[in-house]
Amino acid sequence: MRLELIRHGQTDWNLNDKLQGSSDIPLNETGRGQAIEAAGLLAGADWSAIVSSPLGRARETARIIADTLGIELGDAYDELIERDYASNEGRRPVSPIPDEPNDDYPDIEPRESVSRRGIGALETIRDTRLPLDGDDAHIVVVCHGTIIRFILSEILGREVPHIENAAANTVEWDGAAWHVLSINGGVVDTDID
């Protein structure tokens, strides 16, 4: 089973470097164009399903991709909602965002919680879709940059770079474990320790 983790298209808050987190901010026109471009990159493959986070920016990106590819839009998974930045949402970061709450970010969701939710979402999608689509299923999963980055880092056991809007990040389930095949459309070097 292969999953394409796609970050939603751009929003005005992305454009202005504001933390969005669980705030439900819509796509802007650039974001809608990015969703169409993402659909173009996904064209030609046999997709079993397109699912997403329930937040509007992810759901709209998924809907644009589904409509462009002629595939029915599937379920939304609450576990795929972006990291909760709590009182910092709508603000520009004042310092590097930590893994755990600190004085600048006293109420953010801890990284471990986000990673656990993200991996749990992949497992739920796997367990839901495998009986329907089989081992060769290819599923588009539209969600958010930080949760994608934390999922990929957890699987790889090392940090990964910033996830670009509408970029494809490929993970594969081999029957025993998840493997990261690409990040931001580039092949992953699995020989790096």
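## Basis of the values

Residues are numbered from 1 along each chain as its sequence is written, and side-chain values use heavy atoms, with hydrogens and water left out. Because the model is predicted, local features need pLDDT of at least 70 and side-chain atom pairs count only at pLDDT 80 or more, while totals for chains, interfaces and linings use all residues.

## The largest pocket

The largest pocket has a volume of about 540 Å³. A pocket here is an open set of points on a 1 Å grid over the protein atoms alone, where a 1.4 Å probe fits, with protein on both sides within 12 Å along at least five of seven lines. The volume is the space filled by probe spheres set on the points, which are joined across faces, edges and corners.

The lining has 27 residues, and Arg-7, Leu-19, Tyr-85, Thr-146 and His-162 lie nearest the centre of the pocket. Lining residues have an atom within 4 Å of a point. Helices (H or I, at least four residues) and strands (E, at least two) are DSSP runs, numbered from the N terminus. By class, the lining has nine nonpolar, nine polar and nine charged residues. Ala, Val, Leu, Ile, Met, Phe, Trp, Tyr, Cys and Pro count as nonpolar, Asp, Glu, Lys and Arg as charged, and the others, Gly among them, as polar.

## Helices H2 and H3

Helix H2 (residues 29-42) packs against helix H3 (residues 56-69) at an angle of about 45°, with the axes 9 Å apart. Axes are lines fitted to C-alpha atoms over the stretch in contact, and angles run from 0 to 180 degrees between N-to-C directions.

Residues in contact (heavy atoms within 4.5 Å) include Ala-35 and Leu-42 in H2, and Ile-64 and Leu-69 in H3. This contact has eight nonpolar, two polar and two charged residues.

## Helices H4 and H5

Helix H4 (residues 111-133) and H5 pack at about 85°, with their axes 9 Å apart. H4 and H5 are therefore roughly perpendicular (65 to 115 degrees). Among the residues that meet are Val-114 and Leu-122 in H4, and Phe-150 and Ile-155 in H5. The contact holds seven nonpolar, three polar and four charged residues.

## Two loop residues

Asp-17, in the loop between H1 and H2, has a positive phi of about 55° although it is not a glycine. Asn-184 lies in the loop between strand S6 (178-183) and strand S7 (186-187); its phi is also positive, near 50°.

Conventions. Parallel < 35°, antiparallel > 145°, perpendicular 65-115°, else oblique.
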